[in-house]
Amino acid sequence: MEAFVLPKAELGGFVAKLKANYEVFGPVAKGTEFVFGAVAAAEDLRLDYDTTILPPKKYFHRPVETLFTFNGPVEIAGEGEKVAGKQLLFGVHPCDVNALLSLDKVFLNTYPDPYYKARRENTVIIGVNCVAPCENGFCSSFNTGPAMDTGFDLALTDIGDKYVVEVGSAQGKDLVAGLAAASEADLVARNKALRACQQKITRQIDAENLGELLHQNVEHPKWEELKEECLACGTCTTVCPTCFCFGVKDYVDLSLKAGERPRTWDSCMFYEFSRVALDHVFRPGRAARIKQRIFHKLTYFNQQFEGSPGCVGCGRCVSTCIKAIDPVEIVAAIQENPNPPEEVKLYTPPAKKVTPETSPWAPQKAVIKAIKQQTKDTTTYTFAFADPKVQEAYTYDPGVFNEISIFGIGEAPISISSCADVKDSFDHTIRAVGNVTNALAKLQVGDIVGIRGPYGVGWPVEEMKGKNVLLVAGGIGLAPLRPVIKYIQARRDQYGDFEILYGARTPNDMLFTGEFEEWRKIPNTRLYLTVDIVPPGVEWGHNIGVVTTLFDKMASRPENTIMVTCGPEIMMKFVVRGLLARGFSPEQIYVSLERRMSCGIKKCGNCQIGPVFVCQDGPVFKYADIKDLPEEIF
Amino acid sequence: MAKPKIAVFKFSSCAGCQLSILNIEDHLLDVLGAVDVAYFVMAKRENHEGPYDIGFVEGAVTSPKELLELKKIREECKILVAMGACACTGGLPSIKNFAGTQREMEEKVYTELWDLKSIPAYGIDHYVKVDAYLRGCAVDVGEMVELIKSALLGVNPHFRPHSVCNECKLKENVCLLVNKGKPCMGSVTAAGCGALCPSLNRPCEGCRGPANDANAASLAQTFAVDLGLSRDDVRRKFLKYAGNTPEFKKGAEAV
């Protein structure tokens with residue numbers, strides 16, 4: 001790597017030259033601490049800083065960032081703020097440079113995020129290697145410090161009265177014009193300084209087999225201890241340079257029509273992070289949330305994003321935690337007293353890249369073509385995209401979902417309940433329980449909503465070919481399975497015996513009742529119905545009892561059969577157990593999971609279960625793949 | 001559609017929250033354009049009887065007579081909002097709940113006790129159903145506007161139920177507790193104020209009440225063990241604004 005020298009006496013002139021072309025940000029003092037802030041002159045720069053309150057992540061993944069402005073329920077009025085001109089970050093530590101490389105995978109891989117991308121492309125990074133360890137850092141555990149070897153345009157190392165300046169990019173090369181080349185002695189001094197620093201770093205996590213260790217210790221007394229300590233204030237995640245989670249909400253002005261849709265940093269440490277409509281919280285316990293953070297940093301992130309470190313050892317979480325909760329200490333405590341080792345298969349979600357032509361955040365307009373009431377609170381809407389070309393090009397697999405939005409109210413993930421064989425429209429069957437779904441319930445035929453999608457992995461209709469199919473649905477869980485029924489119906493000769501088991505709370509809670517006769521007429525198909533209770537005065541000629549009571553009636557046997565199920569988690573849990581007891585294997589069982597699938601594009605983090613992003617890795621999963629996830633699914 | 005009718009009522013409190021409404025200059029004209037302020041004694045000479053679409057109640061109920069009034073207000077308002085710490089959690093008036101019997105409190109304050117009938121101070125949801133809470137001493141004007149907009153749209157308002165620490169860190173404030181050793185309650189207190197006090201170098205007093213899943217007992221330990229606060233001081237911290245809540249009660253009893 002090319003290297004030059006910058007005498008400290010010339011730093012002022014160097015920075016002044018940079019300021020002519022860039023808006024320069026760097027570490028500046030704030031009281032007793034440091035922050036990244038605007039740099040007026042080299043004197044402001046505190047290159048001797050230990051760490052900053054927030055990481056330089058804030059210049060790329062902004063704490064609050066407008067995705068777009070709107071005027072009316074579907075009219076996008078303008079894009080969010082993009083960077084104007086070039087910015088330059090001066091004095092970024094190796095840990096933070098490496099953290100950005102990790103974040104790149106989140107924001108640039110699946111559905112590249114236009115805002116992050118623009119900021120990344122328009123930012124020059126001049127890093128500073130660490131010649132003195134910071135108080136709480138443990139970067140050397142993850143090879144993310146004290147020196148950096150990639151991710152910068154220039155990297156400085158303090159060797160006394162001058163800096164050795166390494167060039168990391170063509171852009172960096174332009175910036176060193178006029179500097180003298182580093183001598184052999186300068187490079188020796190650089191290596192010596194960095195080696196000395198490395199030796200002084202005493203805080204270490206043994207990163208070898210960390211994933212296996214943690215997965216074996218999902219249950220460990222340490223978590224209970226931490227639960228008592230932790231204040232659940234979310235500071236650890238707020239200051240973390242690799243945390244990427246955010247929430248998206250619509251804000252309107254008092255016209256109630258115009259407004260903006262910003263994203264705001266959010267945190268898995270918050271109780272409401274995994275809250276969905278009807279006030280259900282997927283991760284209510286503090287111990288579970290602490291585990292989510294620590295596991296995400298130390299193992300899930302690597303599983304999710306091709307071996308990128310989710311922790312760069314910057315030590316901010318330790319420095320800012322009121323209770324000094326410390327990943328180094330947590331890992332050491334577990335290593336000291338581990339559960340007996342057992343073989344752990346770490347699940348690696350499949351990687352994919354989708355490059356949409358437009359911003360992945362901008363929905364397409366879709367017109368409501370028909371509305372059909374299914375039950376008291378559930379309705380099937382038939383949509384078609386307003387732009388015929390978009391509708392024509394729109395294809396989807398059975399079991400996937402769209403994000404439906406009404407600007408000013410918000411966005412909600414809803415599975416598609418029609419089959420892609422119908423080309424001119426698609427259906428969503430929606431229960432009115434939250435802001436968006438309640439607003440939808442007020443709309444009429446001809447009204448327009450915003451839709452983006454389809455997202456996710458659907459039912460294994462290809463794998464099911466040539467096999468018998470058992471379909472078990474509960475309540476509104478029939479909606480994402482209806483496409484399977486339609487799909488098989490249209491290709492009946494490609495599938496073996498087909499059994500549909502459907503249960504609901506009462507006869508009045510059953511969906512698609514008008515289609516039952518048609519389904520019964522599909523050759524080699526049996527439909528069994530059951531309800532939990534029959535209210536007085538309601539006629540019911542079928543089974544009474546939970547859906548698993550139908551198992552005794554069904555003809556399906558494990559041999560050559562694929563089972564697909566969707567419904568409340570508790571129902572799926574007993575369905576899976578019942579089928580396993582009847583000899584089905586986890587390889588034959590497919591379930592559709594639900595979480596708060598807020599963005600749909602593997603960015604906002606709300607839908608994570610262990611290393612899984614339900615929105616992109618699911619919502620349909622083979623049971624064998626998820627049965628050992630650290631958070632108990634079923 | 002007719003503009004929604006808004007009413008503002010006051011019980012035992014300092015009236016600061018009502019004053020905050022008058023301080024929303026940036027939005028005042030827009031708000032007045034969107035709603036009809038039907039009853040607001042502090043601001044208007046002419047006030048109209050109910051029913052109202054949205055009622056804002058400031059203050060804690062501290063007498064049987066006030067309790068009857070509150071119940072009537074509940075009947076008259078489609079949406080009832082507890083406005084400010086006193087109405088949400090009992091606020092400052094609720095300090096008396098933890099300082100002896102009701103009679104002892106009365107004797108401490110008043111000399112003429114013959115027609116005095118006071119009751120302990122709780123948040124108004126102790127007595128009636130409350131549809132929304134505007135927390136804080138005083139309320140945050142931005143949240144008030146957000147609540148009005150949400151009510152007009154018929155959706156849940158976007159309030160941040162996160163800790164004050166979250167908003168404080170986003171402002172990159174130097175931590176008053178970790179770095180300066182001050183007993184700041186931001187870590188267990190609900191945000192929404194924009195970390196107002198810590199940003200002005202004053203520790204959070206917990207006026208907005210507990211954040212979701214607040215671990216006040218653990219913070220109380222920090223106050224006592226690491227900062228050396230006395231048992232009484234720790235108690236006072238947690239009983240000052242929201243001692244009626246189970247979360248802060250745990251903090252008060254932790255050391």
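Which salt bridge do the side chains of Glu587(A) and Lys622(A) meet in, and at what N to O distance? I looked it up in this predicted model: the two side chains meet at 3.2 Å, N to O. The pair links distant parts of the chain, 35 residues apart. Glu587(A) lies in the loop between helix H16 and strand E27, while Lys622(A) belongs to strand E30. I noted Glu587(A) as partly exposed, at 46% relative accessibility.

Next I checked a pair within one helix. Glu225(A) forms a salt bridge with Lys222(A), with the closest N and O atoms 3.0 Å apart. Both sit in helix H7 of chain A, 3 residues apart, so about one helical turn separates them. Glu225(A) is partly exposed at 47%, whereas Lys222(A) counts as buried at 6%.

I also found a network of salt bridges that links Asp427(A), Arg482(A), Lys486(A), Glu515(A) and Glu518(A). My search of the whole structure gave 48 salt bridges over all chains.

Then I turned to the contact between the chains. It takes 37 residues from chain B and 45 from chain A. The area buried there is about 3,400 Å², and carbon and sulfur atoms give 59% of that. On the chain B side, His158(B), Lys169(B) and Glu172(B) lose the most area to chain A.

I counted 3 salt bridges across this interface. Glu172(B) forms a salt bridge with Lys58(A), at 2.5 Å between the closest N and O atoms. Helix H6(B) gives the most to the chain B side, with 5 residues.

How values were computed
Residues numbered from 1 in each chain as written. Chains lettered and ligands numbered in written order. Predicted model: local features only at pLDDT ≥ 70, side-chain atom pairs only at ≥ 80, totals over all residues. Heavy atoms only, no water. Contact = heavy atoms within 4.5 Å. Buried area = accessible area lost by both parts, 1.4 Å probe. Salt bridge = Lys/Arg side-chain N within 4 Å of Asp/Glu carboxyl O. Helix = DSSP H or I, 4+ residues; strand = E, 2+ residues; numbered from the N terminus. Buried < 20%, exposed > 50% of the residue type's maximum accessible area, 1.4 Å probe, protein only.
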